[in-house]
Amino acid sequence: MADGDPALGPRERRDQIRQLVASEGFVRMEQLAEAHGVSLMTIHRDLDVLQSEGWLRKVRGGATAQPSALYHGDVRHRVQAMSEAKRLLAEEAVTLVEPGASVMIDESTTGLAVAGLLPARGPVTVISNFLAVVNLLAGEATIDLIALGGAYYPAYDAFLGMRTTEAIRSLHADVLFMSTTAVTNGHCYHQSQETVAVKRALMESAGRKVLLIDHTKFSKRGLHQLAPLTAFDLVIVDDGAAESDLAPLRAAGVPLRVASG
């Protein structure tokens, strides 16, 4: 690990810390204190601030980019996680899109995988609050792109908050593709109230609501309940999902489809 500059101000030092944690996955506090020429107490405060902003998770002895029940995970880490399952889900989801359709996509990296396949289905109108989706589709000839503004949350690389929900409610799309952090007892859960508010607005503004979940979602936990899976018109899961997880959903009337390679 390269040494930091002890002359850096708190903002610059924290920026270096969050980038290092995102790239390495885990960094010890002693390493950070030594590299930046500051005390352990200063590093504790830095990690508290970065955790409150959603950049990382403070754990015993250091900080990690791995998600938890209260931390959604760095965007770069989430893009790389479960990439094959996301590909399967996206390929299944995109078959639902007809030329001329309007499509909403949330700030999930599974939705980002869907976005990458949409230019081939065009012409399509895409509406999203996820800056990664906007950047991916900007300039695509077959895509009419509507970016939802609001307060920018760097850790999510997305626009969230009241202005975002207001913008969503002024629109209506044929279909919404969204994902979730966790599925518990047949309900979706997320880590932040801001994301829940935006996702609810997206659901209210779409004619058809499609939830995309890889099998790891059944073993994760979230803090804030979004909706029951029965609120969706279709739930697509990858073929790694255990029947013990799917059977209760079928029994509850959840419209399921399994995406396989």
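In the predicted model, seven strands form an open sheet with parallel pairing, arranged in the order 6-5-4-9-12-14-15. The edges are taken by strand 6 (143-147) and strand 15 (256-259); each has a single partner strand, so one side of each lacks a neighbour in the sheet. On average, neighbouring strands of this sheet are turned by 25° against each other, direction ignored. Strands of a sheet pair through backbone hydrogen bonds, in either a parallel or an antiparallel manner.

Strand 4 (residues 102-105) is covered on both faces. Ser102 and Met104 on one side are buried, as are Val103 and Ile105 on the other. Strand 4 runs parallel to strand 5 (residues 124-128), to which four bridges join it, and Ile105 stands opposite Ser128 of strand 5.

Strand 5 in turn pairs with strand 6 in the parallel sense, over five bridges. In this pairing, Thr125 is placed opposite Asp144 of strand 6. Towards strand 15, helix 10 (residues 243-251) lies across strand 14 (234-238) and strand 15, and the helix runs at about 150° to strand 15.

The largest nonpolar core contains 74 residues, of which Leu118, Phe177 and Leu229 touch the most other members. With residues up to four places away in sequence left out, the contacts of Phe177 include Val103, Met104 and Ile105, which are buried residues of strand 4.

Helix 1 covers residues 10-24. Its 15 residues should span 21 Å at 1.5 Å a residue, and this agrees with the end C-alpha atoms, which are 21 Å apart. Buried positions in helix 1 are Arg13, Ile17, Leu20, Val21 and Ala22. An α-helix has 3.6 residues a turn, so residues three or four places apart point the same way. Just after helix 1, Gly25 adopts a positive phi of about 90°.

Technical notes:
Residues numbered from 1 in each chain as written. Predicted model: local features only at pLDDT ≥ 70, side-chain atom pairs only at ≥ 80, totals over all residues. Heavy atoms only, no water. Buried < 20%, exposed > 50% of the residue type's maximum accessible area, 1.4 Å probe, protein only. Helix = DSSP H or I, 4+ residues; strand = E, 2+ residues; numbered from the N terminus. Pairing = 2+ DSSP bridges. Axes fitted to C-alpha atoms, helices over the stretch in contact; angles between N-to-C directions. Contact = heavy atoms within 4.5 Å. Core = buried A, V, L, I, M, F, W, Y, C linked by side-chain atoms within 4.5 Å. Expected span 1.5 Å × (residues − 1).
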